[in-house]
Amino acid sequence: FGPRALGHRSLLAVPDDKMRDRMNRLKGRQWYRPVAPMIAEEALEEVFGRVVKSPFMSYAPRPRKRFLSLAHLDGTARHQSVGRGDEPWIHDLLLAVAKWTGLAALINTSFNSKGLAICNSVRESLRM
């Protein structure tokens, strides 16, 4: 396992079912395809009932029922935990999101369309 994109060349959204569906439509994917939550380390216990650090998306615990928008169809969340030392600007973004939504988390998927490589320019991203 190695580092993931962690917000670089990614589509990010506030976690809810409508946004997950919208992200999948934008990418031309089936409705059931998962997106991955990025969660600030400070919110891990709130989401999972315990601290599950997973900076490389190695674990897929079950979130508490009130956070099901973070879960895949099987009820697990293959999340990426984010501490200040991992990626300071993403960590700060997650804490800012928490001030707005009450939860230091975003859903994340690669910034590409079905069958295409990840976007490398503004021009490519606008074609999506």
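In what order do the 4 strands of the open sheet lie? The order is β1-β4-β2-β3, and the pairing is mixed. The structure is a predicted model, in which local features need pLDDT of at least 70 and side-chain atom pairs count only at pLDDT 80 or more, whereas totals for chains, interfaces and linings use all residues. Residues are numbered from 1 along each chain as its sequence is written, and side-chain values use heavy atoms, with hydrogens and water left out.

Strands (E, at least two residues) and helices (H or I, at least four) are DSSP runs numbered from the N terminus. Two strands are taken to pair if DSSP finds at least two bridges between them. In general, strands of a sheet pair through backbone hydrogen bonds, either parallel or antiparallel. The edges of this sheet are formed by β1 (10-13) and β3 (80-82), each of which pairs on one side only. Strand β1 runs antiparallel to β4 (residues 105-110), and 4 bridges join the two; Leu 12 has Asn 108 in β4 as its bridge partner.

Helices accompany the sheet. Helix α1 (residues 17-27) lies across β1 and β4, at about 15° to β4. Helix α3 (residues 88-101) packs on the sheet and touches β1, β2 (36-40), β3 and β4, while its direction makes about 90° with that of β2. Angles run from 0 to 180 degrees between N-to-C directions, the axes being lines fitted to C-alpha atoms, for helices over the stretch in contact. Contact means heavy atoms within 4.5 Å.

The largest nonpolar core has 26 residues. Such a core is a set of buried Ala, Val, Leu, Ile, Met, Phe, Trp, Tyr and Cys residues joined through side-chain atoms within 4.5 Å; buried means under 20% relative accessible area, exposed over 50%, and partly exposed in between (1.4 Å probe, protein chains only). Ile 39 is among the members that touch the most others. Beyond its neighbours within four places in sequence, the contacts of Ile 39 include Phe 48, Leu 70 and Leu 94.

A search of the whole structure finds 2 salt bridges, each defined as a side-chain nitrogen of Lys or Arg within 4 Å of a carboxyl oxygen of Asp or Glu. Glu 41 pairs with Lys 53, the closest N and O atoms being 3.9 Å apart. Glu 41 is partly exposed at 28% relative accessibility, and Lys 53 is partly exposed at 48%. Asp 92 forms a salt bridge with Arg 84, with the closest N and O atoms 2.7 Å apart.
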